[in-house]
Amino acid sequence: MNSMPPISSHLYTDALESVQYKNGKPLLIFDSQMPFTLTKFELMNESGYATYPHHHDFYEILYIIDGEGEHIIDFESYPIHHSSFYFLSKGQVHFWQLSKPLKGYALLIPEEFLAFPNSNIIRAHDFAFFHNVASDPCLSVNGENQIKLTTMLEGIEEELYDEVNPSLSIVRSYLHILLMKLHRLYCAEHMGKHLEQTSSLLRQFEQLVSEHYISEHSVKDYAQRIGVSPNHLIDTIKAATGYAPGQIIRNKIILEAKRLLSHSDLSAAEVGYRLNFEDASYFGRFFKRETDMSPTAFRKQIREKFNISSASLTRTEKSARITE
C-alpha cells in the first residue's frame with residue numbers, strides 16, 4: 001500500500017510557506033517557543049487559499065471581515081459571510097471556492113496550547129464549536145460583540161508581534177478569554193440545535209473516540225478505559241447527546257471513511273483496511289447500512305457535487321504542506 005498520506009496534510013510547522021515575504025522575511029511571526037500564531041488573509045500568498053481538499057494537524061479560528069465564495073468543510077458548503085467566525089477542528093477536511101479574496105484573521109492553534117500547564121480544565125473538546133460535526137461551524141457577530149472580539153484579536157496580534165518582549169502568558173490569557181467568549185456566543189446563537197456538553201465523562205469519551213476509533217470499536221473497550229461499566233457509559237452518553245455511544249463510534253468511523261473516499265484515490269477496500277476492517281466486503285456492508293449508499297456511489301456523488309477530480313487530489317509533498 002502507498003505510504004504517502006491519502007489526503008493532503010498541512011502542518012503547523014510549515015505555516016510560513018503560505019505567507020508573503022518582504023525583503024526576504026516572512027510577514028508572519030513564527031516563534032517555536034510560542035506554539036500558537038496569528039496571521040491575516042491579506043498577508044497570505046495564493047497558495048494560502050487552498051482550493052483542493054486538505055486537513056490540518058492543528059485547530060483554526062478564522063475571522064472573515066470581507067470576501068466572497070464558499071467554504072467547503074466535510075462535505076458541507078458554507079457561504080462566506082462578513083463579520084463571521086469559522087471554526088475548524090484538527091483533522092477536518094476543507095477547501096475554498098472563492099470569487100473574491102478574503103480579508104480577516106486566521107488563528108492557528110496546536111492542540112497542546114488549548115490546556116493550561118498541568119491542567120485538563122480547558123481542552124479542545126470543551127468548546128462547542130470544535131469536534132461537533134453535527135453543528136454549524138460558523139458564528140456571525142455584530143455590534144458590541146464584534147468590537148470586543150476584534151479588540152481581543154488585535155491584542156493577540158500586538159503581543160505576538162512585540163519585537164522587544166512578547167509574553168507567552170499574555171498571549172495564552174488572551175486566547176483563552178477569546179475562546180470562552182466565542183463558546184458562550186456560539187451556544188447562545190445555536191440554542192436548540194446544540195446541547196452544551198458539560199459532562200466530564202462525555203468529554204472523556206469523545207476524546208478517547210477521536211484517538212482510538214480505528215483500533216477500538218466496542219463500547220466495552222471505552223468503558224474499561226474510562227473505568228465505568230458499559231451500562232453507565234451508555235446511559236450517561238445517551239442522556240447527554242440523545243445518541244448511544246456505539247452510534248457515536250460508528251459516526252466517527254463513517255466520517256473518516258467519507259473523507260478518504262472523497263479526497264483520496266484509495267479503493268473502497270483500501271479505505272476499509274485503513275479503518276481496521278479486515279474484510280473489504282464487510283466494510284462495504286457497514287458503510288451502506290450507515291449511509292444508505294455504497295462507498296462507490298458516495299464517492300461519485302460527492303465528487304460531482306463539489307467538482308473534485310482525481311487530478312486535483314494529486315499534490316506534490318511541498319504543496320501538501322502549505323497551510324490554510
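# A tour from a hairpin to a helix crossing

Begin by selecting strand 6 and strand 7, which form a hairpin with two residues between them, and look in the turn for aspartate 74, whose phi is positive at about 45°. Strands here, like helices, are DSSP runs numbered from the N terminus, with at least two residues (E) for a strand and at least four (H or I) for a helix. Strand 6 covers residues 59-73, while strand 7 covers 76-79. The two strands pair in the antiparallel sense over four bridges, where pairing requires that DSSP finds at least two bridges between two strands. If you select glutamate 70, you will find proline 79 of strand 7 standing opposite.

Before going further, note that this is a predicted model, in which local features need pLDDT of at least 70 and side-chain atom pairs count only at pLDDT 80 or more, while totals for chains, interfaces and linings use all residues. Residues are numbered from 1 along each chain as its sequence is written, and side-chain values use heavy atoms, with hydrogens and water left out.

## The whole protein

Zoom out to see the protein with its 11 helices and 10 strands. Of its 324 residues, 48% count as buried, a word that means under 20% relative accessible area, whereas exposed means over 50% and partly exposed lies in between (1.4 Å probe, protein chains only). Among contacts (heavy atoms within 4.5 Å) between residues at least 6 apart in sequence, 72% join residues at least 24 apart.

The structure holds 10 salt bridges, each being a side-chain nitrogen of Lys or Arg within 4 Å of a carboxyl oxygen of Asp or Glu.

Aspartate 74 lies in the loop between strand 6 and strand 7, and arginine 259 in helix 6 (residues 245-263), so the pair ties together parts that are 185 residues apart in sequence. Aspartate 74 counts as buried at 10% relative accessibility, and arginine 259 is likewise buried, at 4%.

Next, select aspartate 66 and lysine 100, whose side chains meet in a salt bridge at 3.2 Å, N to O. Because aspartate 66 belongs to strand 6 and lysine 100 to strand 9 (residues 94-109), this pair links parts 34 residues apart in sequence. Aspartate 66 is buried at 16% relative accessibility, whereas lysine 100 is partly exposed at 32%.

For another setting, select lysine 148 and glutamate 144, which form a salt bridge at 3.1 Å, N to O. They sit four residues apart in helix 1 (residues 143-160), and are thus separated by about one helical turn. Lysine 148 is partly exposed at 40%, and glutamate 144 is exposed at 54%. Elsewhere, salt bridges that share partners join Asp74, Glu256 and Arg259 into one network.

## Helix 6 against helix 8

Finally, display helix 6 together with helix 8 (residues 280-291), whose axes come within 11 Å and cross at roughly 110°. The axes are lines fitted to C-alpha atoms over the stretch in contact, with angles running from 0 to 180 degrees between N-to-C directions. Helix 6 is therefore roughly perpendicular to helix 8, a description used for 65 to 115 degrees, as against roughly parallel under 35, roughly antiparallel over 145 and oblique for the rest.

To see the contact, select residues including Ile253, Ile254 and Leu261 of helix 6 with Phe283, Phe286 and Phe287 of helix 8. The residues of this contact divide into seven nonpolar, two polar and four charged, where Ala, Val, Leu, Ile, Met, Phe, Trp, Tyr, Cys and Pro count as nonpolar, Asp, Glu, Lys and Arg as charged, and the others, Gly among them, as polar.
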